[in-house]
Amino acid sequence: MPQATLLDPQSLTAKPKLLIVDDDENIRTQMKWALAREYTVVLAEDRQSALDAVRKEHPAVVTLDLGLPPSPGSIEEGMHALAVMLAQDPLIKVIVITGQTERHNALQAIGQGAYDFLCKPVAVEDLQGILRRAFYVAQLERENRALQQTTTELFQGMMGSSSQMQEVFAAIRRVATTEVPVLIIGESGTGKELAARAIHRLSDRKDGPFVAINCGAIPETLLESELFGHEKGAFTNAHMQRKGRIEGAQGGTLFLDEIGEMPLTLQIKLLRFLQERVIERVGGREEIPIDTRVLAATNIDLKKAMSEGRFREDLYYRLGVVVLTIPPLRDRGGDITLLANLFLQRYAAENKKKAVKLSQAALHALESHSWPGNIRELENRIKRAVIMTDGNQIAPVHLELTEPADPYVGKRLKEAREVLERDLVQRALARTKGNLTQAAAELGVSRPTLYELMEKLGIAKG
Ligand SMILES: Nc1ncnc2c1ncn2[C@@H]1O[C@H](COP(=O)(O)OP(=O)(O)OP(=O)(O)O)[C@@H](O)[C@H]1O
Ligand SMILES: [Mg+2]
């Protein structure tokens, strides 16, 4: 479907397109006459011609008379048209028009996704007001979607609308165009590799190779030659010269995954490469200059590893010129639901179960789970649930999650309010890492009020 984007010059100059659906020719002509100055007006007189017009002309806004032939006395045809229009273009704004005595029909249409309604006879000023608002909202939504699509693409499908993830995206953009090494830290399954790929994709090296090597998955004896390559005869079985992965990243980005697993002997060699930007193949004498950007990731606590002598401090400071921390899923607020629905869409389509939805209880269960395996765990649970469910609803049991106990059961209003307040305050503090000023701002209260609340609820300060 050709869609207007931010960069489409047509969308800047052309009048916005409005479809008017009414079976009464006089009304159609009057409306067109009144609105043609502001809009490109397309007309339709029944359901079929209306749907054809939506498909061909892509109007952003539609006015739809609910009583259409062959049964202008009922709203069946109109409601049917509404449903198909919304299925074809979920962002389309449909303003339904009904008789004076049929407000309940209008409300039903709004329940089905109509944007607004007007009662006959329609006053032109009312219509113009509603239309302006509808076109404005439609344009905002379309721009937003276009922006989101490019962002998602640039960020390698990494999604997130939480402030935590917005900060990560901003940091990725900031570091991408520099050459400094970045150390990406985060629990398992948080998206460290995606972040590394996004940095590469947004950098000037994007046309060069992205070489990922998992330092934890390769046996120590092989890792050196894997990284640095070897000359013919360097060791038994070295029948041919072989270039290493570092050389393979020439002109691009080298991603050292699970860097915390790298054996100490190789840490020294890696450090030398980072300092001198040259390598020697195993068994070779020639120094080969390498031009590559180095990114590394780990899910272990490198500070602890350093204190235990398992990781070199000098290497840590070389790799971590910039440290990018990817927050765990449980700290990302609304992102759990956002991502759950994203994966649901993906796997429901794959399994031809497009109608499957998450039940309220499932949404609650997802929100209260602690997600030790983060996004990968969420993706796996949803994938499994789509397969396991027979009906159209995913329940907690399909996700292999228990239904969370209702925290308000058996509580008086005052106690229940405290439970809720404690929960909200604790979440805000967790999100802001205990920053009281920020937490107060998020909660929309003053700092002293937050202090008082914490005192009352028995929440420790830092
Ligand atoms: N924000 C996100 N939006 C959509 N998908 C995501 C997001 N973050 C991660 N994923 C998906 O979750 C999975 C795990 O991501 P990734 O491999 O990047 O994590 P990781 O931190 O490297 O994990 P590990 O520590 O286990 O290596 C991948 O399938 C990835 O596509
Ligand atoms: Mg990984």
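## Shell around ligand 1

The shell around ligand 1 is made up of six nonpolar, six polar and six charged residues. In this division Ala, Val, Leu, Ile, Met, Phe, Trp, Tyr, Cys and Pro are nonpolar, Asp, Glu, Lys and Arg are charged, and the others, Gly among them, are polar. The model is predicted: local features need pLDDT of at least 70, side-chain atom pairs count only at pLDDT 80 or more, and totals for chains, interfaces and linings use all residues. Residues are numbered from 1 along each chain as its sequence is written, chains are lettered from A and ligands numbered from 1 in the order in which they are written, and side-chain values use heavy atoms, with hydrogens and water left out.

Ligand 1 is surrounded by 18 residues, of which Met 159, Gly 189, Gly 191, Lys 192 and Arg 376 are the closest; a residue counts if one of its heavy atoms lies within 4 Å. At least two shell residues come from each of helix H8 (192–201), helix H14 (335–350) and helix H16 (374–388). Helices are DSSP runs (H or I, at least four residues), numbered from the N terminus.

## Polar contacts and cover

Polar contacts here are pairs of N or O atoms within 3.5 Å. A polar side-chain atom of Lys 192 is 2.6 Å from an oxygen atom of ligand 1. A polar backbone atom of Gly 189 lies 2.9 Å from an oxygen atom of the ligand, and a backbone N or O atom of Met 159 lies 2.9 Å from a ligand nitrogen atom. Of the 630 Å² of accessible area that ligand 1 has on its own, the protein covers 84% (Shrake-Rupley method, 1.4 Å probe).

Definitions and conventions: A polar contact is a pair of N or O atoms within 3.5 Å; within protein, one must be able to donate a hydrogen and the other to accept it, and residues adjacent in sequence count only if both atoms are side-chain atoms.
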